Amino acid sequence: MCRRFLCRLSRPLGAIGRGVRAACRFFTRLAPCRFGRPLPLFSFSGGLQSADAGPPSAMPAGVSSRALTAAALALPGLVPSPTPAAEGDEFGFQYGRYQEGERNLFGVESKFDPLLVDSLQGSASLTLFDRLKFFANYVQDTWSGATPIATVPRAFAATGANCSGGNCPTSPDGVSGATPFIEGNLFFDSQFNPITVDELGQSVGKDTQLVHTLSSASPETRKQGDFRFSYEWDEAALDVGGGLSTERDYESRWGSLAGRWDLDQKRTTLNLGLSYTRSDTEAILDHDTLPYIDTSAFTDQIDRRSLPNTAATAVTLEGERQDWATRFGLTQVLTKDAFVETNLGYTRSTGFLENPYKVVEVAFIDPEQQLLAPPGGFVGTVKALLEERPDRRNQWTWDARYVQYIEPFDASLHLGYRLFSDDWGIDAHTFESSFGQPLGRGWTVTPWVRYYSQDAADFYRPFVISRQPVLFDRKKLPDDFSSDHRLSGFGALSGGLIVSKEFATGVRLEAGFEYYTHEGGLKLGGGGEGDYADFSYYQVNAALNVALDAAWSAADGGHRGHDEDAHGHGHGDAPAGVMLDHMLPAAGDFMVGYRYMFHRQDGDILRGSDAVGDAVIAGDACGDIPCKVRPVEHTMHMHMLDIMYAPTDWLNLMLMPQFVDMDMHQEALEGAPPLDSTEFHHVIHTEATGGVGDTSMFALFKLFDVPGHHMHLGLGVSAPTGSVDEKLRPTHGIDQGFIHYAMRLGSGTWDFLPSLTYTGQAARWSWGGQLSGIHRLEDENESGYALGDQFQATAWGSFGLTDWLSASVRGVYTTQGEIEGEFNGVHSEVSPVDFPQNYGRRFWDVGLGLSAEIPIAGLKDNRLSVEWLQPVEDDFNGFQLERDGSLFATFKLKF
C-alpha cells in the first residue's frame, strides 16, 4: 500500500517524481563527494553543485547520477525464465548544459570564457528475477572555461609596476592569460588596510575591494559508472552497490550497503546505509603558474617526471582520501494523501582534502625591509602558497521532507529542509519547495525554488598577512588556510521550471531550466563574503524516460512483434555498426534506441599505407616547417539516441542527437627541434574535448517489402550542433588557438546524408547491403574549413545460432576526402594532426558481431547488438595515426 501510494504522488512530478519513486523503492544510496574541480551534481532541482568546498546546496548529498546500460549477453542454455517488466523498471537518457555568467573583476575585463559544462546521463533499472533488481548508471561531464584560483586586494592588482602583467584595468589580457599575476608588492596603511600608491610610492587612497584571480583550462572530461543490486523480501530489502569515477587528475571508487525494514503494514519504513569511498588525486600542476607558487608544504607528495625528447617536466601533486559514511532514514505515511521522510547522516573524511588548484596569497611584511613603505604604512611581498586544509572532516546532516497529494488539482506539493554541520565551522541550511501540476493530455509543469545559506569555514581567509620575511617560517603561518570562496559565508537562491510531456504510454520527454545566484549578501543573518565572490549560472536540460511497466502494458494491447512478422524469424536486424538498417512496419509504431561507438587509433604513423619513423615525420609531415610532436593515441566515444516514428507504413521519421568525447595523447619526436615553453602542454597533458555532436534527421521511404526481401531509401540532413571552435588555453599569456581538426565535435556544416539499404532473410539466415554518403552543403564552417565528402559501401550476412542469438560478419569500404580550407584563426602547427592535408582517403574493414534478444518477457522483440570493426588496410592522405579498430553497441526498444 505504501509503495503504490508514494509512486502515485510522484508520477505528476516527472524528473522530481523519480526521486520520490526512488524513495518509494526505499533505496538509500551513499555516494562520494568530489573534492577536486567542480563536479556537476544534478539534484531534483536540476542544479549543478560544487562538492569540493562546503556542503552541496541540494538535498541529495554526493554524486547523484543516473546512467544508461544494456543487459549482458546470456550464455546458451542459461537463459533465465522470462520475468515481466516490474513497476519501477525504466530507461532514461538526459543531457544538461551548465553555463556560468561573467565574474565581476571590478574594472578588469577577462578574455577567458566562463565555466561551461556539458553533461550526459543515462540510467536503466530491470527486474532480473521475481525479487532481484539491477540498477546501472552512467554520467559524463565535459567542462572548460575559467575558475578562480586565488583572491587578492584590487590595490595589489592595480599598483604601479603590478600593472605590467596581472589583474590590471589596462592589461590587454585582463587576467594575464594562463599566468595570473600572483606575486609582487602590496602596500598597507597603519591599520593594515590595502592602499594604492602611485609610481613615486605615495598613497593614493585605501582600497579594500577584493578581486579574483582567474585561470583557464582546456576542455576536460569526467566519466562515472555505478551499479546496484537490490533483493526484496516481503518486509525488507538489501542493496549492494559500487561505482567508479575517473578523470585526468582524479579517480574515485566506492562501495555501498543499504537495508530497508517495513513496519505497520508498510506504513512505516526504516532505512540504514553504509558506504566507503577511496579517492586518489594526481594533479599535474600548471607549468605556467608553478614558478610563482610555493608548494613546499607538499614536498613529500610531489612527483617530478621528465618527458622524453623534451626539456619539459611534469610536476604532479599526489594525494589520497577516504570517506566513510552512514545514513539512517525513516519514512512515515501520515494519511492516504501525505507522507513525511527524515534522514540522519554522518560522514568522516580523512587524507588529502585540499583542492590542488587553489592558492592563497600571503603578504609577508618584513619589519627590517620597509624602505619602500608609504609614510606611516607598510609594504609586504606577496607570495602564492597552495592552500592547506585540515586532514580530517566530520560532517553531520539532517533532512526532512513532506509530500502532500492535493486531490482537487491532482497535484503534489513537496517541502524540504536540510541541516548540515561539520567540524570545519560550516553550518548550512537548505529550504526548498516544488509543486507538480498535471495539465492534461500528458503535460505536467513543476515550478520549484530553493534557498541555501552557509557560514564560513574557520580557516577561510581571502588572503593572509604574515609579519615575517618572505623566506618564511611555516610555524608562524596559520595551521590551515584557504581562499576558496565556496568555503566562505554566503547565500544562494535558485529556481526553475520542469515541463514534461507523455506522448506515448510510459514514454515521457522532459525539459528543465534553472537560474542560480550566489551572493554573500544572501547569507542568513548577514555577514557574508564580499560581492567580489558573487556569481550566477543557468542550466538547461532535456530528458527522455521510458517506464517499461507502463510501456509494455500498453504494447501488449497493440501490435507488438511487427518486426518479427515483417522479417520472418526475428533475426533480420543488421550488425550494430550499420545505421538506418530497418524500418518500422506499421503506422503508429515507435522505437527508442541507444547507439554507442568507440573508435581508437594508436601505433605507427602511416604515410599512405607505410609506417614511417620520427625523422620522416619531423621533416615531411608538417609541410614547410618541421613537426615537433606526433599523436600516439586518439580515442573517441560517441553516444547516440535513435528516436523513430512511423506516421505511415511506407514512411519513417528519425531523429538522432549525438554526444561525443575525444582524447588525444602526443609525444615529442626524437631528433625534432625542441619544444618551447608555450608548446609543452601538447605532451604534458592529454588533450580532450566533449559535448553535443551534430544532430541528424532522416526520412526513410519503403521502396519494396515482400516476404524475405526489403529495400528502403534514406534521405537525411545533419545540423551543425557540434562545436568546431574549441581552443587550447593560453600558455604564458600566448594564445594557442584552435585545438586539432581531429578533436572537433562536429563538421560545422550542414550535410546531406543519403542512403540505400537492402535486407533479405530466409529461415535462420539474413543478409543485406547498404550504400551511404555524406555531402557537405557548405564550402566552410565558422572556423574556416570543411571536412571532405564521404562514401561508404557495406555488406553483411548473419546466422541465427539460437532463437534469441545470432552472429554476423560484415565487410566495409570507406573513402573520405581531405579537409578543404584551414582554421581562420590562431592554431598550433607542431603535429601532423594540425594540417588539413593529413586527413581522409580509403579504408577497408571487416566486422564481427552478435545480436541477442533480451531474455526478459517485458523486453520481447528488443535487441542488444555488439560489433567489432577491425581495420584490414589503410591508405591515408599524408601522415596519419594507424587505426586500431571500432566497437559498436546498440540497444533498441520497440513499441
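Leu-655, Met-697, Leu-715, Val-717, Trp-750, Phe-752 and Leu-777 make up a nonpolar patch on the surface, with about 560 Å² of accessible area together. Such a patch joins nonpolar side chains (Val, Leu, Ile, Met, Phe, Trp, Tyr) within 5 Å, from residues with over 30% relative accessible area and no salt bridge; the areas come from the Shrake-Rupley method with a 1.4 Å probe, only the protein chains shown counting as cover for residues. The model is predicted: local features need pLDDT of at least 70, side-chain atom pairs count only at pLDDT 80 or more, and totals for chains, interfaces and linings use all residues. Residues are numbered from 1 along each chain as its sequence is written, and side-chain values use heavy atoms, without hydrogens and water.

Leu-777 sits in the loop between strand 34 (765-776) and strand 35 (785-786), strands being DSSP runs of E, at least two residues long, numbered from the N terminus. With a relative accessible area of 48%, Leu-777 is partly exposed, a class between buried (under 20%) and exposed (over 50%), with a 1.4 Å probe and protein chains only.

A search of the whole structure finds 47 salt bridges, each a side-chain nitrogen of Lys or Arg within 4 Å of a carboxyl oxygen of Asp or Glu. One of them joins the side chains of Arg-228 and Asp-239 (3.1 Å, N to O). Arg-228 belongs to strand 7 and Asp-239 to strand 8 (residues 236-247), so this pair ties together parts 11 residues apart in sequence. Arg-228 is buried at 7% relative accessible area, and Asp-239 is buried at 4%.

Note on methods
Patches are made of residues with over 30% relative accessible area and no salt bridge: like charges are joined within 9 Å, nonpolar side chains (Val, Leu, Ile, Met, Phe, Trp, Tyr) within 5 Å. Helices (H or I, at least four residues) and strands (E, at least two) are DSSP runs, numbered from the N terminus.
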